[in-house]
Amino acid sequence: GLFTKMTNFEHGTRVPLILSLPGQKTAGQRTKALVELVDLYPTLAQLCDLPLPKHLEGISFVPLLENPDQPWKKAAFSQYLRTGKPPHTGRSLRTDRWRYTEWHDFKGKPAGVELYDELNDPQEAVNLANDPTHAETVKQLSKHLLESRL
């Protein structure tokens with residue numbers, strides 16, 4: 001029931017990313033590291049020895065091309081505007097295990113929270129946000145999401 005990339009769910013935010021370089025020592029290797037499409041520009045610019053504009057949000061993932069198993073980003077972010085009455089904005093972060101989303105109306109009033117365990121529920125069928133056993137996870141991820149806006 002999801003349409004293209006019009007959602008904050010895994011199905012809508014995950015895209016394949018394949019990069020091939022001449023003489024790449026790690027050719028054919030995969031990484032489980034989290035990268036974002038905003039990281040593509042700085043990566044290609046670095047590989048081509050081009051200067052980076054200061055306004056870029058992404059970071060080059062060239063180090064991952066050299067060592068795909070190294071520690072990397074703690075989270076990847078997405079945002080989606082849900083039209084309707086009233087419209088809401090959903091901001092989401094994805095860690096190696098969790099997808100956490102906060103929904104707000106245009107005045108900043110909270111409109112919902114979602115937490116999915118991507119290891120045990122990859123179809124995102126059970127929202128754990130209101131489960132007391134995950135209260136600390138919700139608190140930590142909410143803080144990380146808030147800090148990403150600063």
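**View 1. Four strands make an open antiparallel sheet.** The strand order is E1-E2-E3-E4, and the pairing is antiparallel. Strand E1 (76-82) and strand E4 (110-117) are the edge strands, each pairing on one side only. From one strand to the next, the twist averages 15 degrees; axes here are lines fitted to C-alpha atoms, with angles from 0 to 180 degrees between N-to-C directions. Two strands count as paired if DSSP finds at least two bridges between them. Strands (E, at least two residues) and helices (H or I, at least four) are DSSP runs, numbered from the N terminus. Strands of a sheet pair through backbone hydrogen bonds, either parallel or antiparallel.

The model is predicted: local features need pLDDT of at least 70, side-chain atom pairs count only at pLDDT 80 or more, and totals for chains, interfaces and linings use all residues. Residues are numbered from 1 along each chain as its sequence is written, and side-chain values use heavy atoms, leaving out hydrogens and water.

**View 2. E1 runs antiparallel to E2.** Seven bridges join E1 to strand E2 (residues 88-94). Ser78 stands opposite Ser92 in E2.

View 3. Trp98, Tyr100, Glu102 and His104 point one way from E3. Arg99, Thr101, Trp103 and Asp105 point the other way.

**View 4. Two hairpins involve E3.** E2 and E3 form a hairpin with three residues between them. Their antiparallel pairing spans seven bridges, and Gly90 has Trp103 in E3 as its bridge partner. E3 and E4 also pair in the antiparallel sense, over seven bridges. Here Trp103 has Gly112 in E4 as its bridge partner. Four residues lie between the strands of the E3 and E4 hairpin, where Gly108 takes a positive phi near 90 degrees.

**View 5. Helix H2 has a buried side.** Pro42, Thr43 and Ala45 of H2 are buried. They lie on the same side of H2 because they cover an arc of only 165 degrees around the axis; the arc is that of the directions from the helix axis to the C-beta atoms. The buried residues of H2 pack against helix H3 (62-66), with contact meaning heavy atoms within 4.5 Å. Asp49 follows H2, and its phi is positive, near 55 degrees.

View 6. pLDDT is the predictor's confidence in each residue, from 0 to 100. The protein chain averages 89, and 93% of the residues score at least 70. Among its elements, helix H1 (residues 10-13) has the lowest mean pLDDT (73), and helix H2 (residues 40-47) the highest (95).

How values were computed. Buried means under 20% relative accessible area, exposed over 50%, partly exposed in between (1.4 Å probe, protein chains only).
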